[in-house]
Amino acid sequence: MESAIEKAKEEQEKWGEQVELALEKWRDEQLEWGEQQDLELEKWRDEQLERQLEQGKQQELALEKWRDAQLEWGEQQDLELEKWRDEQLERQLEQGEQQELALEKWRDEQLEQGEQQDLELEKWRDEQLEQGEQQDLELEKWRDEQLQLGGRTTGVSIGKVER
C-alpha cells in the first residue's frame with residue numbers, strides 16, 4: 001500500500017508539475033497575447049494619431065484657403081466701395097460744377113437785370129429832371145406873365161414894392 005500511496009503521490013506530483021507547466025504556459029501565452037494586444041493597440045493609436053494629424057493638416061489647409069478667400073473677398077469689397085465712393089464724389093463734383101454754372105448764369109442775369117433797371121431808372125430820372133426843368137420853365141413863364149399882368153394893373157411887381 002505504501003507503494004500505491006507513493007505511486008499516487010508521484011502521480012499527483014507529476015500531475016501538479018504538468019498543471020504548473022500548463023499554467024505557466026497559459027500565463028506565457030496570456031502575456032504574449034497581452035503584449036500582442038498592446039502592440040496592436042499602439043499600432044491602432046499611431047494610425048489614429050496619423051489620421052488626426054492628416055485631418056488636422058487638411059483642416060488647416062482648408063481654413064487657410066477659406067481665410068485667403070475671405071481676405072480676397074474683403075479686398076474686392078474694399079475696391080468696389082472705393083470705386084463707388086469715387087463715382088459719388090465725381091457725381092457730386094459734377095453737380096457742384098453744374099450748380100456753380102447755374103448760379104453764375106443766375107448772377108449774370110441778375111446783373112444784367114440790375115443794369116437794365118439802372119438804365120431805366122436813369123432814363124426815368126432824366127425824364128423827371130427834364131419834366132422838372134420844363135415845369136420850372138413853364139412856372140417861370142407863368143410868373144413872368146403874372147408879373148406883367150400884375151404890374152400893369154397895380155403897378156406892383158412881385159418881390160418889390162413900388163412907392
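User: What does buried mean here, and how many of the 163 residues are buried?

Analyst: Buried means under 20% relative accessible area, exposed means over 50%, and partly exposed is in between, using a 1.4 Å probe and protein chains only. By that rule, buried residues make up 1% of the 163 residues in the protein. Keep in mind that this is a predicted model, where local features need pLDDT of at least 70, side-chain atom pairs count only at pLDDT 80 or more, and totals for chains, interfaces and linings use all residues. Residues are numbered from 1 along each chain as its sequence is written, and side-chain values use heavy atoms, leaving out hydrogens and water.

User: Why is Glu138 called partly exposed?

Analyst: Its relative accessible area is 48%. Partly exposed sits between the buried and exposed limits, so Glu138 gets that label.

User: And what makes Glu54 partly exposed?

Analyst: Glu54 has a relative accessible area of 40%, so the label is partly exposed again.

User: Which helix holds Glu138?

Analyst: Glu138 lies in helix α1, residues 2-153, and Glu54 is in helix α1 too. A helix here is a DSSP run of H or I with at least four residues, a strand is a run of E with at least two, and numbering goes from the N terminus.
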